[in-house]
Amino acid sequence: MWAYADRFFDGDQRRDIGYTALRMGAHSAAHRLLGHPGTTIAPDALNQVAAWLHGIGDTTAARRWYRQAIDSGHPDTVPTAMTNLGLLEAKRRNIEAARRWWRQAAATDHTDAAPKAMNNLGLLEAGQGNLEEARRWHRKAVDTGHPEVAVEAASRLRELDRTEQDRRRAEWFTRYGWQAYADQELIQRRGEGPDDAAE
């Protein structure tokens, strides 16, 4: 049926059949039907096809469809496409591009996409060793109050704090540990321990 529609219909008719294919989960057919030059496509459909292409590993085509969704200027679709494009770039280890897309999505203040982008930025920065920047983005995600993302971001903040405490303990014991075992009063004389050093 999809091949027939692709061959014998054109313009809005073919596009509308492409939307039907998309609704029915026939993503390959939707991609083919909606991918003809000159076809005006709804921004949400662009994002859906891009996500499908991303999922099957066709990152070049996915990137092109996400960019079309972003270029649409649609207030709901643009932040979602930016967030998704950031994921694509992060998986491709294109850190600067991922960071750029997520920052742009976060700046939109979109109720769903912006918190996700903020949380993703927190994860990205933590992975890059930029812990203060990671905390800043996770705090912003928490502050949005998003029902799922805020909870996850709060968990990430606690995890960052635990990691920092573990690092401080290791540093303290590397510096003073052998002395502390030899002289238990060293801790009291110095007035610092592994949990309060450098705070």
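Helices here are DSSP runs, H or I, of at least four residues, numbered from the N terminus. I use those labels throughout these entries, and I keep in mind that this is a predicted model.

**Entry 1: two loops with positive phi**

I started with Asp109, which sits in the loop between α7 and α8. I read its phi as near 60°, a positive value in a residue other than glycine. Is Asp109 buried or exposed? Its relative accessible area is 60%, and the cut-off for exposed is over 50%, so I noted Asp109 as exposed.

Next I looked up Arg93, found in the loop between α6 (77–91) and α7 (95–107). Arg93 is not a glycine either, and its phi is positive, near 65°. At a relative accessible area of 71%, Arg93 is exposed.

**Entry 2: α8 against α9**

I then followed the chain into helix α8 (residues 113–127) and helix α9 (residues 131–144). I found their axes 7 Å apart, at an angle of about 160°. Angles over 145 degrees count as roughly antiparallel, so that is how I described α8 and α9 relative to each other. The crossing of α8 past α9 is left-handed.

Which residues meet there? On the α8 side I listed Pro115, Met118, Asn119, Leu121, Gly122, Leu123, Glu125 and Ala126. Facing them from α9 are Leu131, Glu133, Ala134, Trp137, His138, Lys140, Ala141 and Thr144. I sorted the residues of this contact into 9 nonpolar, 4 polar and 3 charged.

**Entry 3: Asn119**

Leaving out residues up to four places away in sequence, I found Asn119 touching His138, Ala141, Val149, Glu152, Ala153 and Arg156.

**Entry 4: Thr39**

I moved to Thr39, in the loop between α3 (27–34) and α4. I saw its side chain reach the backbone oxygen of His36 at 2.9 Å. Beyond its neighbours within four places in sequence, Thr39 is in contact with Arg15 and Leu34.

**Entry 5: Trp52**

I finished on Trp52, which belongs to helix α4 (residues 43–55). How accessible is Trp52? I have 22% relative accessibility, so Trp52 counts as partly exposed. Setting aside neighbours within four places in sequence, I listed His27, Ser28 and His31 as the contacts of Trp52. I also checked Trp52 against Ala62: they are 10 residues apart in sequence, and 7.8 Å separates them, C-alpha to C-alpha.

Terms used:
Residues are numbered from 1 along each chain as its sequence is written. This is a predicted model: local features need pLDDT of at least 70, side-chain atom pairs count only at pLDDT 80 or more; totals for chains, interfaces and linings use all residues. Side-chain values use heavy atoms; hydrogens and water are left out. Buried means under 20% relative accessible area, exposed over 50%, partly exposed in between (1.4 Å probe, protein chains only). Contact means heavy atoms within 4.5 Å. Axes are lines fitted to C-alpha atoms, for helices over the stretch in contact, and angles run from 0 to 180 degrees between N-to-C directions. Angles under 35 degrees count as roughly parallel, over 145 as roughly antiparallel, 65 to 115 as roughly perpendicular and the rest as oblique. A crossing is left-handed if the near helix is turned anticlockwise from the far one by less than a right angle, and right-handed if clockwise. Ala, Val, Leu, Ile, Met, Phe, Trp, Tyr, Cys and Pro count as nonpolar, Asp, Glu, Lys and Arg as charged, and the others, Gly among them, as polar. A polar contact is a pair of N or O atoms within 3.5 Å; within protein, one must be able to donate a hydrogen and the other to accept it, and residues adjacent in sequence count only if both atoms are side-chain atoms.
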